[in-house]
Amino acid sequence: MKSAVLVFPGINRERDMARALKLASGNETAMVWHAETALPKGTDLVVVPGGFSYGDYLRCGAIAARAPVMDAVRDFAAKGGLVLGVCNGFQILCESGLLPGVLMRNAGLKFVCRDVHMRIERSDTPFTRGYNAGQVIRVPVAHGEGNYEADEETLKRLEGDGRVLYRYCSAEGEVDEASNFNGAAHSIAGIVNERGNVLGMMPHPENHVEEIMGCTDGRGLFAGLVQHHEKAA
Amino acid sequence: MKARVTVTLKSGILDPQGKAIEGALKSLGVDGVASVRQGKVFDIELAATDKAKAEAALKAAADKLLANTVIENYRVEVLS
């Protein structure tokens, strides 16, 4: 699986992401500068990593979403290519129109940096096939604007189509108010687009992939993507 | 030509920053504050001299970048 990680000024998780991808796929990851107008030939997966692109000026992800490389990402997604956006990457995908809704200031107004639990809602997607449906994994979050909101109709459609792949929950898998630390609608941690090939999520699976990190729960996501690619190839 | 674009949250959108400011004003003893909603102001200098063209450019700027119309409204004014 050939992956390309987008690099915007102010992004800071791109190397963590490249490392996690290499660990899972065995291949080097291409780093693609935001001013590029094309993705490397043969790219199977585009990742929009986390960080603070353009210092979060204007709105989180707003300026990065209008970068030249995003037109190439839109074309790639329109052809069915897999796109993964994490944290600031999720915000960028929402701002670019590739995903519906918006990530608002955390309901508690505080930047939250700690491990949380999320439940895998289904396992029959490229982004979740490395897990079982209902499985609970521990993942780090580090964001001030992760409170997912969308209008009622959009939320209804997301739920009806099974497009909520990850939800914040307790360690036991209970989706309740106490574990919804940022106030997201329906405790949403990650969603896919209508076609199911573009995922946005706030938690950082790339930071839980090696023993030395204290947890390897994030591995399943990358292993699943590699499996999906191998099966398709 | 000087212009101003004002971006505000749509009604019904939760505004935790506005709520925090409202709380601070109340704790400062500022009388009669019923509620606060916060937003953004962009002061823009335009090369255009035609008012209609200027307004069209400002509208494009707001639609393309300055406002996220999922959650925000905007108003454009040509000031001089």
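This is a predicted model: local features need pLDDT of at least 70, side-chain atom pairs count only at pLDDT 80 or more; totals for chains, interfaces and linings use all residues.

I started with burial in chain B: buried residues make up 10% of its 80 residues. For this, a residue is buried if 20 or more other C-beta atoms, placed from the backbone, lie within 10 Å of its own, exposed if 12 or fewer, and partly exposed in between. Chain A has 233 residues, and 55% of them are buried.

Residues are numbered from 1 along each chain as its sequence is written, while chains are lettered from A and ligands numbered from 1 in the order in which they are written.

Next I looked up the elements of chain B. I found two helices and three strands, taken as DSSP runs numbered from the N terminus (helices H or I, at least four residues; strands E, at least two). From the N terminus they run β-α-β-α-β. The radius of gyration of chain B is 16 Å, well over the 12 Å from the globule rule for 80 residues, so chain B is more spread out than a compact globule. That radius is taken over C-alpha atoms, and the rule is 2.2 Å times the number of residues to the power 0.38. The C-alpha trace of chain B spans about 45 × 25 × 15 Å along its principal axes.

Then the sheet. Its three strands form an open sheet in the order β2-β1-β3 (chain B), paired antiparallel; strands pair if DSSP finds at least two bridges between them. In chain B, β2 (39-45) and β3 (72-78) stand at the edges with a single partner strand each, so one side of each has no neighbour in the sheet. I counted seven bridges from β1 (residues 2-9) of chain B to β2(B); B:Thr8, for one, has B:Gly39 as its bridge partner. Helix α2 (residues 51-66) of chain B packs on this sheet and touches β1, β2 and β3 of chain B.

Which chain A residues meet chain B? Ten residues of chain A are in contact with eight of chain B, contact meaning C-beta atoms, placed from the backbone, within 7 Å. The chain A side divides into five nonpolar, one polar and four charged. Here Ala, Val, Leu, Ile, Met, Phe, Trp, Tyr, Cys and Pro count as nonpolar, Asp, Glu, Lys and Arg as charged, and the others, Gly among them, as polar.

Last, chain A has five helices and eleven strands.

Definitions and conventions:
Two residues are in contact if their C-beta atoms, placed from the backbone, lie within 7 Å. Axes are lines fitted to C-alpha atoms, for helices over the stretch in contact, and angles run from 0 to 180 degrees between N-to-C directions.
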